[in-house]
Amino acid sequence: MAIIKVQKGTKDILPAEMPLWHFMETKAQEIFTKYGAKEIRTPIFEATELFARGVGDTTDIVNKEMYTFEKSDRSLTLRPENTAGVVRAFIENGMHRLSAPVKLWYKGPMFRYERPQAGRQRQFHQVGIEVFGIKQPTADAEVILMAVNYLKALGLNDLTVELNSLGCPNCREEFKTRLKAVIKPYLANLCEDCQSRYDKNPLRLLDCKSTECQEIFAKPEIQEVIHGDFICEECADHFEKLKNYLDALGIKYERNRLLVRGLDYYNRTVFEIKSNSLGSQNAVCGGGRYDSLVKNLGGEDTPAIGFAMGMERLASLIGEKTEEKLKAYVVSNNTLEAVKLTEELRNNGITAEFDLTNKKFVKQLEKASKVADYAVILGEDEISGNQVTVKNLNTSEQKTIKKEEIFNLLR
Ligand code: ATP
Ligand code: MG
């Protein structure tokens, strides 16, 4: 019979890779908890409308990448990202009544219908943060700090923080108008995506990866507009203060004026963290401020800022983590005594297994040396004397001790 294979763009995370995933997950919990963040888990599917409104219907995510299906006349979508879901949960559970800041972190699978390639899957995992209720740039600094410190805790240092300010809806309008005016003569030469972005979301033009478009945007008159400081005084002040905080904290960053990010709802601060050692899929973290989203989704006006990191990309940077061996393997031809002792070891917090098939003693010892740090040997003499023989499988040292002593010895 033909075997059924895993779907294109999806992957099994096998037991051998689990130490690495547990490492990323426990570090997330450890680091984000230090900053006062609490974990939240939202459903993997939501109403399609949530993403249309919450991510923005001019984005690639909503236009091209969503897994959408109908069930009982309802249009549902597998979450392509988690900010919209967290904001929905924030509103629905009245979290604006909690004392600000409300800091939430999450981890889990996301789904995007994209062309699979290195660092790009259709089901992938993100870990992320959302901080609600603070409009001051201190929150921006703290969110960037959380990202940088999490990456440090993973042992990743060869990274660059890219920073930009998109201004606010007021100052951005003028920028958009100027940008459109200066690009207009080249409109017919832009790629198909950019031609439709030109009217719907001109800022996203800057984000285009096509070389023909990049060549056009490199023209001096367009560069002049891009590099002209368009943001208003308040936005500029916010950005200056953020940079001062980052400087004071010793966080290095680079201004990238082309950084606009894919999502529609960002305002003021946007940032990405890029690896200097990944190929073209080199962004490990993307984030920004989204002060209007909570209100746009029907909640109380609440400023917010957050980020998401791609865990597969983190995993490929961290490299392998070796699987932990069992602490003890019980070696005995008396299955009944073996099962009892193994269970007692586990109840005392020691990872342990024994031979379920009662193979020859020597075979059991061979297996023990492959899978465990210690062999706990229960021969007839040991059983009658209420003792065990412990063999350190790394040094081959062995000694016979009272049975009760084994628990303290191995714990
Ligand atoms: P990209 O420009 O790489 O498509 P993006 O702007 O679509 O990224 P975000 O929506 O900001 O990505 O998601 C945050 C992070 O999630 C990215 O920086 C990346 O590490 C990861 N990510 C996004 N899409 C995928 C994917 N299809 N497969 C694996 N990781 C992904
Ligand atoms: Mg993308």
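1. Basis. The model is predicted, so local features need pLDDT of at least 70 and side-chain atom pairs count only at pLDDT 80 or more, while totals for chains, interfaces and linings use all residues. Residues are numbered from 1 along each chain as its sequence is written, chains are lettered from A and ligands numbered from 1 in the order in which they are written, and side-chain values use heavy atoms, leaving out hydrogens and water.

2. Shell of ligand 1. There are 14 residues around ligand 1, and Arg-112, Glu-114, Arg-120, Gln-121 and Arg-261 come nearest (near: a heavy atom within 4 Å). Five of the shell residues are nonpolar, four polar and five charged; Gly counts as polar and Pro as nonpolar in this scheme.

3. Oxygen atoms of ligand 1 lie 3.0 Å from a side-chain N or O atom of Gln-126, 3.3 Å from a backbone N or O atom of Gly-310, and 3.2 Å from a polar side-chain atom of Arg-313. On its own ligand 1 has 580 Å² of accessible area, and the protein covers 87% of that (Shrake-Rupley method, 1.4 Å probe). Two or more shell residues come from each of strand 6 (123-132), strand 10 (283-289) and strand 11 (304-310), strands being DSSP runs of E with at least two residues. Strand 10 gives the most, three residues.

4. Gln-121. This residue sits in the loop between strand 5 (102-111) and strand 6. Gln-121 counts as buried because its relative accessibility is 13% (buried is under 20%, exposed over 50%, partly exposed in between; 1.4 Å probe, protein chains only). A polar atom of its side chain is 2.8 Å from the backbone oxygen of Gln-123. Beyond four places in sequence, Gln-121 touches Gly-9, Lys-11, Arg-112, Glu-114 and Glu-312 (contact: heavy atoms within 4.5 Å).

5. Pro-43. The loop between strand 1 (38-39) and strand 2 (45-47) holds Pro-43, which is partly exposed at 43% relative accessible area. Leaving out residues up to four places away in sequence, Pro-43 touches Arg-79 and Arg-88.

6. Nonpolar cores. A core is a set of buried Ala, Val, Leu, Ile, Met, Phe, Trp, Tyr and Cys residues joined through side-chain atoms within 4.5 Å. The largest has 56 residues, and Phe-132, Ile-183, Leu-190, Phe-217, Ile-222 and Tyr-290 have the most contacts inside it. Another core, of 43 residues, lies apart from it and includes Ile-31, Val-143, Leu-145 and Leu-242.

Methods: A polar contact is a pair of N or O atoms within 3.5 Å; within protein, one must be able to donate a hydrogen and the other to accept it, and residues adjacent in sequence count only if both atoms are side-chain atoms. Helices (H or I, at least four residues) and strands (E, at least two) are DSSP runs, numbered from the N terminus.
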